[in-house]
Every structure is written in C-alpha cells, then in structure tokens.
Amino acid sequence: MTSAHQEQQAPVRPTAQDEIAAAGSELIGGPIGRRALTGGSWWTPVRVVLLVMLGMFALGMVQKLPCYESGWFRGATSQYVHACYSDIPHLYTGRGFAADLTPYFDRIPQEISGGMEYLEYPVLTGVFMEVASWLTPQGGEMMQRQQIYWMVNAGMLMACAAVLVVCVARTHRRRPWDALLVALAPALALTATINWDLLAVSLTAASMLMWARSRPFASGVLLGLATAAKFYPFLLLGPLLVLCWRAGRWRAFGTALGGAVAAWLAVNLPIMLLAPEGWGKFYAFSQERNIDFGSFWLIISQRTGNPLEHANTYATLLVLLGCAAIALLALRAPRRPRFAQLAFLVIALFIVTNKVYSPQYVLWLIPLAVLARPRWRDFLIWQACEVMYYLGIWFYLAYTGSGDDHHGLPTEGYQFAIMIHLLGTLYLCAVVVRDILLPERDVVRLDGSDDPSGGVLDRAPDAFVLGSRTGRHPALPASQEQTVGWEPRTGSE
C-alpha cells in the first residue's frame, strides 16, 4: 500500500482543516503532528468521543441537581429559576406510572393528569417510560420515587447518548472526530434529560449509519422504530426519495421504505388494535395542540392578539412548500447533495415552521448538523443561540409564574430569545445550502469524498437531473482517489 493511499485512508484531523479546532487543541498540547503514530492505541477516536459524551452527559445531570433536590417538588418557579426543568418526574405521577396504570390501555383519572386521558407519546416512547417505571421501586415517599424514576431514565438515556455518538463517529468513516461536536454540544448536555427524545435521536443516527453502510433494509427498520418513538424521523424518507430518484436507486429506497413500514407496524399494530383510543391520543393531541412556546407563530399571536386558530394548516403548507423547494434544490444542484445535508434541511424546516418548539427538540438537529456541516465555528454559533433560547424559556416561565414580583424574562425578552433560536437555525441552513450550491466549499468533500453517508448513493452517477447536466460528475471507479471534479482546498475558509 502506497503512502499516499495510506494517508487517504487515515482519519481526517479536524485540527488540520479547522482553525477553531486547532486553537481549541492548545488546551491539550496543540494539533497532532502529521507523522504522529495514531494507530495501535486503545485511545481510538470512537472511544475518546464516547468518554467525552459520557462526561458531558454527567455534567448535564449535575446541572439538574437543584431541581433533583427540591426544585421539581417545592416552589412555583424554582425549577425555572435554576433552568433545570424536566418532564420526567412530573409525568411519572401525571401519566399514571406511579399508580401502576398501563399506558394506552388504562384511562388516566382527571385528578392525576389534569385532563390528559391517555399517554400522549408514541408507542415506543411509552414502552421506554413503562420499562423505567418497572425499574423504579413502588414503596416509599412519592418524592423519592420521582427522583429514582428520573435517575433510571437518565441512565437509559445515557445509553441512548452513547449509541448516538458512536453512530455519528462511524457514519463518515474518515471523519470519526466530527462526533466530538456532538459529545461537546452544550445544548445536548442541558436538554438530554428534559424528555425522552434521545431514544428517537439515537435510533435515527443508527438508521443513518446503516444507510451509510449500504444496508437499506436495516436502515429502514431502524427508521421505522425511530418513527415509533417520535414522528420527525419519518421525514427523512423524503430526502432519501429525492436522492434515490436522482441516482436511479429505486430498489434501495423501496427496501428501506418496506423495512420502515414493517418495523413501525410491528410496534404500533398491537396497541392500535387492542387500545385504539389510547393509541390515537398522540396523533389527536399533535393535531389539536394550540400555538405554544418557541414558535414564530407565538410571536405573531402575542404581538397581534390573534389566536391564529388555523396555524396548524399554515404550518403544514409551509412544510410542504419548503420540502418542494428542497427537492428542487436537490435535483438541480451541480452535484447530488449529501444525504446528511438534505436530512438536516428537512428537519430544520419542520422545526422552524412548527407551532411549538420545546427546548429538547435541538437534539433532533445536533447529529444532523454535525454530519451536514462539521465546522466548529458554525456549529458553536448555532449552539450559542440554542443555549440562549434554553435560558430564555425558563426565565420567561419564571417571570410568568412569579406573580406581581415578575422575576425573570418579560414577554418581549422571550420573543427576542425565540428570534435568536430561529436566526441561529436559519444561519446553519444557509451555510448548508451554500455548500450544496458550491460543493467545493463542502468540508466533507475537501478530501475528494462524494457522500460518505450516502451508502448506495456514494459515487453513483446521476440518472435524473432537472436542467442542464453541465458540470454533473458521473460515477468514478472506487479505486480512484479523487471522486470530485474540483481541486481540494486546504486550510481554513
């Protein structure tokens, strides 16, 4: 094997491409040298990022300590003032787990749930919550049981976080260090134990890894399971459809779609048939839910006094128009976009146009953002915006819950926090779109790669393109080192 080929197969060093990564590496001795021996050590990139993820997750748990000790149980606004709120201990009692009720089958009494008759979560998430309740002792004081329930869930979610970071590290074979962005993401540490979203996020990451390994059926099964835990992973079938259309890989898409449908039905069909009313609560609640925290719809409603009763219809139309624009972009781009790029854009579109944005929804985008645009500067700008929103919503709730004292962030301040979140997400979207239109600016393609997360799409020739085919690059032999039609760039942008 030639030295040039060995260098091509070696992991990409972020400190050689990214000025922010190089500056940050000074904390541990500076960038690694070109001739440093990186093989044969126990400290592989995957193990390092996994340990970092576990450490950051633990710090996130420590950040919840004021609430764990008293904030969740005493005081109207203590959990907001300390910015450590979590749904988990509240729903342990509020959704009947403490009373040993069976999700979807047993109706939750009004005095327990406050009006929610059945669990309003998808089936696989409900199973996750129920398993955690089985591991929580039934005896003792309720406060202690809620604390244990949160701790059990935190342990299970930590396992999901470990799966997530390993999958991201392995999706782009030559870029395992990009997963360090996921591990060090401050928004992940802050929001990981607010709710159960990490279950769906980890299954989605595993699905993308299987697609990158050219295993469409396994990818589809995992995507179906992710959709059984949260709705948003279903949207990734759209980018796969468009990319397989452009590459003519219909069989791979059909295989993935079949696996997704089969897995989703395997989880949902028993509950759908045996407890249809409880099963349908999630979908009815999502449809009927009013404008809520974090959305630009809330800003419009608060500023105009209009309740925007048809916001759900407006949001759906915006998503459809946005998806059409993304499909047009994918079919007209000078090179076929990478799967991760389109996946990020679709989920970001769904988040920006949705009628609610809970703080933990940032978890949906973190792995997609890292795979789509693994650049420390852009990622940290976006994360700073998300941390500001995270603090904004809790301080706003502290303000609205403190009565005449009004301690916290007023309505105008919270609206500003929402705008920061929206602008941060749109900024990252703009950078990704630029990379699609100017693929020579794409960080992942600097070394001559095509689509390392694309699986069967990687190096595939175009079968259908809108507009002129000028500049479209056909497939190249797998043995050819340079798979793109431009000169690779080095150094910082």
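Rings of Phe, Tyr and Trp, the last taken by its six-membered ring, are regarded as paired when their centres lie within 6.5 Å. By this criterion, a search of the whole structure, which is a predicted model, finds 30 aromatic pairs.

Phe 293 is located in the loop between helix H18 (281-288) and helix H19 (296-304), whereas Tyr 396 belongs to helix H23 (residues 376-401), so the contact ties together parts that are 103 residues apart in sequence. The two partners are described by separate accessibility values: Phe 293 is partly exposed, at a relative accessible area of 29%, while Tyr 396, at 9%, counts as buried.

Phe 293 also pairs with Tyr 414, and here the centres are 6.3 Å apart and the planes stand at 75°, so this pair is likewise edge-to-face. Since Tyr 414 lies in helix H24 (residues 411-437) and Phe 293 in the loop between H18 and H19, the pair ties together parts that are 121 residues apart in sequence. Tyr 414 is buried, with a relative accessible area of 0%.

Phe 293, Tyr 396 and Tyr 414 are among the members of a cluster linked by ring pairs, which also includes Phe 231, Tyr 232, Phe 234, Phe 350, Tyr 357, Tyr 361, Trp 364 and Tyr 389.

Note on methods:
Residues are numbered from 1 along each chain as its sequence is written. This is a predicted model: local features need pLDDT of at least 70, side-chain atom pairs count only at pLDDT 80 or more; totals for chains, interfaces and linings use all residues. Side-chain values use heavy atoms; hydrogens and water are left out. Rings of Phe, Tyr and Trp (its six-membered ring) pair if their centres lie within 6.5 Å; planes under 30 degrees apart count as stacked, over 60 as edge-to-face and the rest as tilted. Helices (H or I, at least four residues) and strands (E, at least two) are DSSP runs, numbered from the N terminus. Buried means under 20% relative accessible area, exposed over 50%, partly exposed in between (1.4 Å probe, protein chains only).
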